[in-house]
Amino acid sequence: MARAALVAGDWGTSHLRLFLCADDGSLLARADGPGVAQARSACADVLDRLLQPWSREHGDLPVVLCGMVGSTVGWTLAPYVPCPAGIEDLAHGCVALRDERLHIVPGVSCRNRLGAPDVMRGEETQIVGAMQLAADLARGRQLLCLPGTHTKWVLLEDGRVVELLTAPTGELFALLREHSILVGDAATASGADTVTDGAGYQRGLSAAAAEPQADLLHRLFECRSRRLMGELGATDSAAFLSGLLIGNDVAGALKLFASARVPKRVPVIGAPGLGALYARALAAQGREAPMLEGTAAALAGLVRLQQLLPEHSLTHGH
């Protein structure tokens, strides 16, 4: 049986996913906990409580964490690594705590092609892992899509992050679905909170593609007017909204990155359900969209970064 050698954690705003890993990187056990928004200043206590059963059985194991735990609202700040950022840059940017037994992965920053500052935290570890799971991603130029509350579009050059662009597509969807009249009572209808790749979503994609020159702002009211006129069912209006937003996100990102001459293949890294929606939108734009599961990518990335940690990391104490 493989020996426990590492605890890896993806600690975001709303969830903590901890993985007990063997010395060969394989998964031995998993534990879940609250995100940093709930843990707040008690991150150390939350982690210790979850680690206790594993520590009793396996002793004091090294821990590597990524995500919002390294932000200004997390445990301690792990400063952003500026682009271009490779795997070794991320490993050297890790912040060490607890006598270097615990490391927190830094985020990545850039000045995006719209001239604005842009950042990501947690997705960089998924990208590292994706390159371990699909080695061809580390070669040449690649455009990656990482869907989420804040979707990231990431340009790679030979395995280095050279640029990123953020679209708050998921956040905008949630706000409009839950707090606007556009979807209204449909948001509470059965199944409306879980958008699937069905007729309502496809109709939203098609609407976004039909008039590519139209601004998104001038299409959003259709979520309500089509429902009032009986063209959309109650449970379809949220899906229609999702299709509009994701279709606009995908078309806009591809247009912005067109000058970079990215490949036709745009890998999608993230949760399977949301990833499938983006893959459908990319396919509608003539792109291949192979999918990599986000949790598996994060775990592979954490294991790889642990292997590359320098002997003397930036230490912030306890």
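Predicted model: local features only at pLDDT ≥ 70, side-chain atom pairs only at ≥ 80, totals over all residues.
A salt bridge, as the term is used here, is a side-chain nitrogen of Lys or Arg within 4 Å of a carboxyl oxygen of Asp or Glu. Residues are numbered from 1 along each chain as its sequence is written, and side-chain values use heavy atoms, with hydrogens and water left out.

I begin with the salt bridges. The structure holds 13 of them. Arg203, Arg219, Glu222, Arg226 and Glu231 are joined in a network of such bridges. Within that group, arginine 219 and glutamate 222 meet at 2.8 Å, N to O. Are these two residues buried or exposed? The terms have cut-offs: buried means under 20% relative accessible area, exposed over 50%, and partly exposed in between, with a 1.4 Å probe and protein chains only. Arginine 219 has 12% relative accessibility and therefore counts as buried. Glutamate 222 is buried as well, at 14%.

Other bridges link separate parts of the chain. Here I name helices (H or I, at least four residues) and strands (E, at least two), which are DSSP runs numbered from the N terminus. Aspartate 23 forms a salt bridge with arginine 3, the closest N and O atoms being 3.8 Å apart. Aspartate 23 sits in the loop between strand S2 (15-22) and strand S3 (27-34), whereas arginine 3 belongs to the segment before strand S1 (4-11), 20 residues apart. Aspartate 23 is partly exposed, at 47%, and arginine 3 is exposed, at 54%.

Next comes the pair of aspartate 136 and arginine 265, whose side chains meet in a salt bridge of 2.7 Å, N to O. Aspartate 136 is in the loop between helix H4 (123-133) and strand S10 (141-146), and arginine 265 is in the loop between helix H8 (236-256) and strand S13 (268-270), so the bridge ties together parts that are 129 residues apart in sequence. Both residues are partly exposed, aspartate 136 at 27% and arginine 265 at 23%.

I turn to the cysteines. How many disulfides does the structure hold? The number is 0, where a disulfide is a pair of cysteine sulfur atoms within 2.5 Å. For cysteine 21, the nearest cysteine sulfur is that of cysteine 66, 12 Å away. For cysteine 66, the nearest is that of cysteine 94, at 9.7 Å. Cysteine 21 is buried, at 0% relative accessibility, and cysteine 66 is buried with a value of 0%.

Finally, the pockets. On a 1 Å grid over the protein atoms alone, a pocket is an open set of points where a 1.4 Å probe fits, with protein on both sides within 12 Å along at least five of seven lines; lining residues have an atom within 4 Å of a point. Grid points are joined across faces, edges and corners, and a volume is the space filled by probe spheres set on the points. The largest pocket holds about 1,400 Å³. Its lining has 45 residues, with Glu123, Pro147, Gly148, Thr149 and His150 nearest the centre. Helix H5 (residues 169-179) supplies the largest share, 7 residues.

The second largest pocket holds about 420 Å³ and is lined by 21 residues. H8 gives the most to this lining, with 7 residues.
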